[in-house]
Amino acid sequence: MNWDYLLSLFMGGLTRGSIYALIALGYTMVYGIISLINFAHGEIYMIGAFTALIVIGVLTLAGWNGMAILLIAAAAAVVYAAAYGWTMERIAYRPLRRAPRLSALISAIGMSLFLQNYVRMAQTANFLPFPNLIPDFACLKPVAHIVRASEIVIYAVTALVMLLLTLLVKFTRMGKAMRATAQDREMAMLSGVDVDQVISLTFIIGSAIAAIGGVLIASHVGQINFYIGFLAGIKAFVAAVLGGIGSMPGAVLGGLVLGWTESFFTGYVSSDYEDVFAFLFLVGILIFRPSGLLGRKQTEKV
Amino acid sequence: MITPEPLLKIDDIHSFYGNIEALKGIRLEVAEAEVVTLIGANGAGKSTTLMSICGLTPPRRGAIYFQGEPIHGLAPHRIVARGIVQVPEGRRIFPELTVLENLGMGAFLRRDPQGIKADLDDLLGLFPILAQRRRQPGGTLSGGEQQMLAIARALMGRPRLLLLDEPSLGLAPLVVRRIFETIAAINRERRTTILLVEQNANLALKVAHRGYVLENGRITLAADAAALVADERVRQAYLGI
Ligand SMILES: Nc1ncnc2c1ncn2[C@@H]1O[C@H](COP(=O)(O)OP(=O)(O)OP(=O)(O)O)[C@@H](O)[C@H]1O
Ligand SMILES: [Mg+2]
């Protein structure tokens, strides 16, 4: 048994899983509040990565370098993606709030296609190189074949995001309003919660987190195009369903389980079917455990 | 009992579910510090009246005034901010929030931490069972405990007008008595104005000063509680006498 190889697959799975988890949080939060699968959520992640790329380009021309660029680019990506998420809810979902659920779902698919094609036309259909701005620390040299510095940053940032999100949802006034709205929207209104505001906030937070994932993975993989949000979005959706859609710990668990499964499968079996895996998973969950690993035991009409 | 300027004045409201007209022109008034009850059969439109006041089924025609100002057409959270708090039918406890968090939601719009703390201690004293269960998820409480929690949650908002929708529903007689004693005490001690919807007209007319009878989306009778209790039609239809 090659332990280093096993460990590298474990780390690789953790990397993928962290990114899936970051995106899945947005799916699950939105679903929890308005019972909508926001199919355009993956596109927000992609737009986050593109925003960062553009900002990095500009700052590089201006003579900046190193981690400072990445931080500024990530901050810009978060703000920009959050603005997209907020706008998307306003124009594509809010007008359909009282319409049948299928209408909002179709609107979400339309939004996804629109954003993909908009970025393809505004940028390019080709892959663009994304600079790796996270230096390979010297102390990591001996384990370079197992884990890279950019991955360690991914783990750390993901953990931090989750911690902050948990604190927000558990202890802040708006966090309580979000939980109350998810559990009983009308009663939340009768308690004085401005539900429109809660929904907007949910889109803003979910989008900001997806953008962080987008920037992190782009910097790790080294290239992006307009299509990355589609596949990552679908997989994160699978992760959310796997964990139990509507459950935030479930999204994280689902992301990690999917990441590790993919990583070990491609490492030990075959890399040809890497992307098929998520879909097999989805079918399996829907058949055997539709409420997901940590979901409430009720059949949801998705 | 009607003062020149009632706290709540509902003027000929018509409310709909899709094309179904559930309220066909309701008029009623509630004066400051009064307990008014709304009685009527299943489907008469009692809950719809309360939901119309709160803005969840806003009337398509007619007007609602609170403290002399129109509130129909305001978003529900703005109506709550005026001081109108409802304990809806079926309690509607947030199942996964703890008892304390549920109580906290009742004070969602308040910004006076000291006052909130004082009211919390007060209410936990009034309902000791809630104090015992404070860290338990609301969904795990019994029906009677949930009803007490629902009332306590509403009181955490320091309502000017408290709307109660069938607080006795599905509860044991002893619990019902506790709850009605509490309602009477809230009105007596805090001078909170109450609009009470009840199936149990016997009980409702004991605590209420006045009452309205609602049939098929219309008010068919309005009188003092004593007069309603004496009314032959009311006795037959709602008091089971
Ligand atoms: N969500 C809804 N959609 C359609 N019709 C509704 C809805 N809610 C209530 N209705 C209808 O509106 C009318 C009034 O209902 P409402 O709930 O106000 O009655 P109620 O007096 O509170 O009855 P109950 O004593 O059974 O609670 C009924 O005919 C009912 O069928
Ligand atoms: Mg009712």
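A residue is taken to be near a molecule or strand if one of its heavy atoms lies within 4 Å of it. The model is predicted, so that local features need pLDDT of at least 70 and side-chain atom pairs count only at pLDDT 80 or more, while totals for chains, interfaces and linings use all residues. Residues are numbered from 1 along each chain as its sequence is written, chains are lettered from A and ligands numbered from 1 in the order in which they are written, and side-chain values use heavy atoms, with hydrogens and water left out.

Around ligand 1 there are 13 residues, of which Lys46(B), Ser47(B), Thr48(B), Glu89(B) and Gln199(B) come nearest. With a polar contact defined as a pair of N or O atoms within 3.5 Å (within protein, one must be able to donate a hydrogen and the other to accept it, and residues adjacent in sequence count only if both atoms are side-chain atoms), an oxygen atom of ligand 1 lies 2.7 Å from an N or O atom in the side chain of Ser47(B), and an oxygen atom of the ligand is likewise 2.7 Å from such an atom of Glu89(B).

In chain B, six strands form an open sheet of mixed pairing in the order S6-S7-S8-S3-S9-S10, where strands (E, at least two residues) and helices (H or I, at least four) are DSSP runs numbered from the N terminus, and two strands pair if DSSP finds at least two bridges between them. The edge strands, each pairing on one side only, are S6 (84-87) and S10 (218-224) of chain B. Strands S7 (residues 161-165) and S8 (residues 193-198) of chain B run parallel and are joined by five bridges, and Leu161(B) has Thr193(B) in S8(B) as its bridge partner.
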